[in-house]
Structures are given as structure tokens and as C-alpha cells.
Amino acid sequence: MKNTTSAEVRSHLIEALQLDLIGPTPDDIDHAEEILDQAPSKWYLTGFLVPYGAPIEQRGDDTGDDDLDVMQGGSAGEDEAVPDKPFAKKAFFPSSMGLSFLVAENASQLNLTAQWGDYFPIKDNTVAQSQDDSGAEETVLPLELETTIPQEEANNNLSGCWKRIPRQAQITVPLKLPHHQNQSTRTIPIPDSNGLQLVVSIRPVTSKELVPAGTRSVSVFLVNNRLPTSDKQRDISYIFQTSLIIHTPEPLVARPNLRGRDNLDWDENVADLQYRDDYEYAVSHNVSAIALTNPDGSCQEIRTAWIPTADVEKVIATEVKNVELGMEALANAPTPAALQNMLSRMVDAYADWIKEQRTKCPTEPKRLNVALDLLRRAEIANKRINAGIQALNDPQIFEAFQIGNRAIATYIRQRATHGKNITPESLAPPKWRPFQLAFILMNLVGIAYPENSDRELVDLLFFPTGGGKTEAYLGLAAFTLVLRRLRYPGVKSAGLSVLMRYTLRLLTLDQLGRAAAMICALELERQKNPQKLGTWPFEIGLWVGQTATPNRMGKKGDNDENSARERTRTFQNNDHNPSPIPLENCPWCGTKFNRNSFQLQPNPDQPTNLQVFCANRRCNFRGDNPLPIVAVDEPIYRRLPCFIISTVDKFASLPWVGETGALFGRVDRYDNDGFYGPTQPNRGRPLGGYLPPPDLIIQDELHLISGPLGTMVGLYETAIDALCSQEIDGKKIRPKIVASTATVRRASKQIQALFGRSEVDIFPPPGPDRRDSFFAKTVPATVKNARTYVGIAAQGRSLKVVLLRTYLALLGAAQKQWLEQGGKKNSENPADPYMTLLGYFNSLRELGGSRRIVEDEVKSRLLRYSQRQRVGETSGLFADRKIDDEPKELTSRVSTNKVADAKRRMELTFDQDDKVDVVLATNMISVGLDITRLGLMVVLGQPKTAAEYIQATSRVGRDEEKPGLVVTLLNIHRPRDRSHYERFFAWHSTFYRAVEATSVTPFSPRAIDRGVQPLIS
């Protein structure tokens, strides 16, 4: 069996979509004269033009105006958006398609190629008997229909088989106009086409600032002006698989982009610089445009595409020579000088890169100034990295850095063994990516020296999804936690030190497993050396709403089904019930929890603690050593875990729950069970002052803190900032804030509104070339597999039909590839990433309507979808497939344990029994879904923001050996969807530029009315 790659399987899926939904391409010899057993307008979804003068009943589909049966009502979750209203007018099939572009003053002519397929019914429906001695079927041509075939017989023939006849016409159109004309519109009949026309419009472009003088705008349309036939003969007058190719002897003029003309918007100025070599040469009408560029970036050929594709190239972390990236090697450095020697080359290499970039800056004054400003910011970042390296001379900083590196290395080794029969010691030594290590180094000073100006600076980690942001800030968190233990000997080092905040439940739960494993590694380090790292354990707390974790311990007789006691007892009675905390497996060894894993202490009737033990005898966390996890609010306020993961909405409880003050160090007594403040008098012995407040706040996925949520978060942030602050030597010391995102715009304004911090540094600082920021590089698809986006739009068809046909084609084609590559017998089956279809929806209501389609039509038709073959084919594009009766769902209306179970099943390869065929999801998956095997996503409708689209679609193709395929189903009757479809390739090649600025207005009158009362109470 041939060694097929996942990238080749992905190509087969794209080809199957094209052939099944549109039809043969001009270079598809095998299907050029295909025979269909039904009318092509029923077989194909789109890609055809109807006669311009056709009656209304021929210009539309019976179901063209049907909308998805949206589910009414719904939950009040974060994914409960209101879907767009359906299109008001009746949707018709197109009668024309075209391209608009700009030509230079010296452009002389256009070389046009029009390609299409005509379909005619075969006279004898029994194909085997309709062949003459030469073996050719006798087809009914239009003139024969008019002159030789009775109407009744013709109607009968049209219900039978149809044969395709490929057509092509080449026409040269001169661009020079008579002297007395400066614009013209001409109609050019296509010879031997039975009524097809090219309409060419030439107009002058009056603006001489945006384009060269003399530039002209040209629009070319292919119009079906055939005479319509009777309703049952309609497909004879249609033209299918239409294609328009335009070639010019002289290069085309690029369409100007006006976004970079605003000198006041720093982000737009940077984008204007970075995308200065990205041009858009054409825009389509009713179809999508593809521009074929020359090696020098110029363009002389453009063409139409009914199913456009675009590759979003992979961003990878850069390798830096002669810099030690091994975590364990850094942890074992004998002296600060030796450690500095391992790291110092990074500073030198970065400085050399900056110097080189200065020589490549553009000469145009505005862009030159922006480029020099970017390089100045890079120099500042380099100085901060160097300052962090020099700070390692401090013995405590040196030791904290080493212990932190060792803990992160241990955590990474341990997590890599989950679900595999390997040992941590057998794995390759873990390594930092250069940007991760640099991010930690540049923040050492701000963490270690609170009075330093870096403390006030907000550092925004900006890196594409899946690039390794989590490990970067977990590494910084590990250093912060260890340094606190070294700086404050004894019990005064306890208390909350690192606060990590999120907005979505799925994101919080996903990060809990990673952060918990890191805390486990730190706790094992502490147990080895309690004299140095203290007697109080490193613990992690999950502080979220009661739908995810119990907020109360409960007691016998209180009948509270949400209490930790009731949830634990329910799980102990039957461990198939949901776990009492949102973890199903041990974060350290990966073993599934059983009924003995959760113990109510000191007794089940009046518990004060919920302890978690691993079920694996060989795990470090069993017996008398519980996992360092606190997931119930009441123990959190007492134990004060050093690391807390929380959703931002939880902070709304601050004015109403007095015990929350303990999280900010407001405690003055303690005992072996925990710490106590004013709300718990007469408990514990004196502490001798308050505990230090939090040192580090991590705000992951910053772009989600926007709109009404961001406004209220910003308002509450004023109180949180005050609670986290302390005064040292007369100076107010606030916590260090770091944030991360993969999509951001106007970050400074957003952070100013949220955190009241005026200084923001983005890391890695962007360079003048968007493909190279020293720490990250964008590599072409020939080097690393890119994520491929495919656009599908069908004017005149309902969105439910588009969804149905697309799901059927992808699921059936993936099954065929799966079987051809060995099925279950091949444990490394290259088709595996595409066997689970992840469907994305903009609202819970649209998902509900689509779920019915999957459960009913998709499921039943897939059972026999291999029968969808052209006449004479022995093997079609698809294989029969039996999918689950119900798709899995990731939405706000699904309970936390079901979300965890769905994620577990999605990670299973398709040779396992519990695998999943279809997952339907809302924006819950936009962040926090890190499953590397996923390779296929279908997006229904363009999300309302570019950031959401980028974040959601980045969930697939995270493994470069399993490249992602994103199929976007666009509703062409919505203006925004139409624009993205008609400019599909150009928009996707620059879609990071389209990220919108977020709105945060914490001190608007309405926000103050709603939030200021509890804030000051």
C-alpha cells in the first residue's frame, strides 16, 4: 500500500467537494464527458448560470428560501447570539458572473477564455442499449429538440440520463478606445454557444493619487442569454461549471487599499507597512476571484473559482543558534555565570537581527518611520531580556529560575506520557521555544523587583493559536511561585500568588489540567526540600461557578444537590456519574478517577475539605499524599491556593462574599487547616501581619474581554487592583500583569480601559516584515503544511441544502480514504484527522436547527452514499458510513461533565470504539480546545468578527503532519458573507489585518449605573 500523507488525503477531500458540488474542472479529462442519471441542476449544488430571461420558476430552487429551522429560545450562555435575519427577497440562481480589475494606461488587449459544460439528455435512457457501433451515445442537441423530437418524448427523455459536452471559447478584446470616448460597454457574442455573451465595461479611474495616471477599470461578465426552454427541458439552456480566465500581456494594476491612509491609527500604519507587498488584483461578482502572481509579485492572469481555496501559512518559532533551550540543562547550570553564558547569545542574535532589518526598511517616509518605531520597540525588548539575564546574578532569582525550569520540564515529561505506554525518562529532554524563554527572561525584573518600572508595564504575549503561549506564562508563574517561597521563609510565603483569569468555561477547564500538572511538579519539588520551599503545600484552586465546581461543601441533611458532599456521594455510588470536580483524570499520570479518588474530610457528614487521590498505585499522589487541587469555594477561602484559575465573572461575588478578601492576603491568623480573616473570628493563631497580595495576574485570551463583559470587568478591575496593591517604602506596588492573545487590535486602549495601565508592550514585537519577527517566522506551504480554507456559496440554494450536501460529501469522502488507507488495521491512518467533523455555528439557535439535519438526513443518506456514482463508474467518490445516532455537542447548554467527555472522545483516533463522528459547537471552542488530531471543520456562515473566525478555525490543523481543512459555508445573500466569498483568496491571505478593535467602556454612565453600587459597598 502506498504511503499516503494526511496532506494528500486532504487534497482528495477538496477534489471530492469540487467534483460533487460543482462538477468537472476544465483539466479533468476523466469526467469531461460524464453521464449523470439525473438532471445536472439537481445533481450539482452550484456553479451554473441560468438564462437571463428564464421564467421565475426556472430561476430558483423550490427550497431556495428555506432557512435553517432554528431552535427557539435557548440558554443565556456566552454562545446565545441572535442569528441574522433571513434574506427578505426570493433567492434566484445567477445568470452572469464576472471579474473586475484595473489595467494600466498602456494595456492593449485582454485574452479571454470562457469554459463551461453543456448537458444534453441521451435519447435512449438505457445507456447500454443507446450506443451505436462506434460505442458513442446518441445525445439530443438543441436543434434536434426543436425539429425532430415530439414534445412528449422529449419530456420523457429529460427524466433520464444526461451527457456532458465540454465547451471552450477564446476571445481577444482590444482595450484601446476611440479618441472621442473615455469609457465603453460592449457586448460580444460567444461563437457557437447558442446565446452566451461576454459583456466588457471599460471606465477611467479619476483618482491619480491612488493609482497610476491613465489607469482604467475593466469589468468582464459571462452572461447566459440563451433562450429559455420549457420547464422540464430547463437544463439544456443552463451552462454548468462556468469558468472565466483573463490574461493580459501587460501586468495588472493592484487595487489600492485605503486602510493604511489613516496616520492616527498605529495598528493601521503597522499593517500598511507589513502588508505592503500583499496585493489584490481582482474582485469577482457572483463567484470568487483567483489571481495568479508572477515571482516578482506582478499579475497577468486572473480567473474565477466557484469553490475558492486559500492557504494560511504556518507561523513557527524561530531557532536561535548557540542558545541553550533545554529546561533541564538550564536547571542544572552550576553558577549564575554559567547560566548567563548559556543565554547571552540570544541578546546578541536579536541585536544582529535588528541591525539587519534597518537595512531592509522601505524608503517611503511614512513607512520608514513606522519601521524604525517597530525596531525601537524591539531594542527595548532586547534590553529587557538582557536585564533579566543579568538579574540571574541574584542568588534567589538564580535558584527560583532553576527550580522553575526543572518543574516545567518535569510537568512536560509527565503530561507526554498520558495515554501512552512510555515513561517520562524515555522522552527527549524538554526544550523552550526561544520566544517562551525570552518572555520569561524579560519579565524576571518586573516580578523580582516590585519597585522597578517594569512592574507597571503590561506585557501582551501575541502569538498565533497553538504556538506555545500557555507554557510561556506557566514558566513565568513557576518562577513567581518559587521566588515567593524563597523571599518569605515560613508560613508568610503562603497565600495567593498567581491569579489566572479566563472568560469561557471550556478554556478554564482545559487550562486546569495543564496548570494542575505544573503545580504537582512544584509540590514534588517542595516535598524534596521543605526547609527551602516551605511547609505549606503548593496548591491550585479552581474558582468558577457552581455549574462547573461545587461552591459549598455541604453537610448531612441540607439536601443541596450542588454541594461537594452530594456530588461526591453520587460519584462514589456510581463512578459513571459526573466527577465532583471538572477533572476526569489525574493531571499527573492521566489515570481515570474512580469512586475512591474523592474523600470528604474529616468525615462525610460534616466535611470541610474535599481531597482528591489518584487511583494509580504508582502515581506520586495517592495514599497520604493527595493531589494539590482545591475546587470548592469554602476550602479555597481557607487554604488560599498559591495559584488560582478563575472565570472573570466570579469576581462579581467580591462585594457579597466576605471570605473573598482572604484571596488578597487579608488574613491575620492561621492553623494547619488554613488561614482566617475577619469573617472567621476566634480561629487559629496570630500570623503577625497580612500575607503578601498576588504577585502576578495572567489574563489569557485578552480579546474576549470586550463588549458588555469587558465593560463590567474593567469596572471591577479598579477594586481588584486596589486589593492586590501594597505599599513598600511609601510607594504603591501593584501586581505584574501579563496577557496573551492570538488576535488583537488597539491593545493599548483596551488594556488602558481594563487595567488602568498606560504602558503596554507586545511580545514578540512585530518587525517591518510580517513574516519575520526574529522569534517567529511565517513559512510557505512548501516548507510546513498550511491550513487550507475552502469557500462554498450557492446562490439560489437554501443554507440547509448547502450544509447537508457539504457534510455528506466530506463524511463520505473521508470514509473512502479511511478504508483505502487500511481502516482500523492502520493505527497511523492518514485519514484519521478528517474522520471527525467539527461543525462551528455562530449561534446556539442555528446549531439546534442543523443538529436535526445531521441526526436525520445526513445519518440516513450516508448509509448508502456510495451509490452516488456517475453512469459507468465502478467506484464513486464516497463510501457508505454509519455515524453516531446523535452528534456530540460543545455548547453552553451542555453540562461540564458532558463537555469533558466530548473532549475525551474527540481525542480518540478512529480505530477506537468510543470515537466520535460529528461534533457541533459554538464559540465555546474558539479558545481552549487543544486537540491535535482534529483536522476538519465546517463553519456555517461568516462569524461576526474576524478574530472569532481566526480563533475558531485555528482549532484544527494544530499538528503540522495533520494539516487542517476549514470549509466555510457562506450565505451569499448576506452582504458580509458575499464580500468574503467574492474576495476569498485575498481576504484570507491578510485576515489578521481584518481583526477588529474591541470595545471596553467601564466608566460609561450605563456601566456605572449597573456596577458602581456593589463596587463601593
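**The sheet.** I traced an open sheet of eight strands, ordered β20-β17-β21-β16-β25-β28-β15-β29, with parallel pairing. Strands here are DSSP E runs of at least two residues, helices are H or I runs of at least four, and both are numbered from the N terminus. Two strands pair if DSSP finds at least two bridges between them. At the edges I found β20 (629–630) and β29 (760–763), each pairing on one side only.

**Ground rules.** I noted that this is a predicted model, where local features need pLDDT of at least 70 and side-chain atom pairs count only at pLDDT 80 or more, while totals for chains, interfaces and linings use all residues. Residues are numbered from 1 along each chain as its sequence is written, and side-chain values use heavy atoms, leaving out hydrogens and water.

**Strand β28.** I looked up its neighbours next. Five bridges join β28 (residues 736–741) to β15 (residues 458–462), and the two run parallel. L460 has A739 as its bridge partner, and D459 stands opposite V738. Four bridges join β25 to β28, also parallel. Q699 stands opposite A739.

**Buried or exposed?** I checked both faces of β28. K736, V738 and S740 on one side are buried, and so are I737, A739 and T741 on the other. Buried means under 20% relative accessible area (1.4 Å probe, protein chains only). Six of the six residues of β28 are buried, so the strand is largely enclosed by the rest of the structure.

How values were computed:
Buried < 20%, exposed > 50% of the residue type's maximum accessible area, 1.4 Å probe, protein only.
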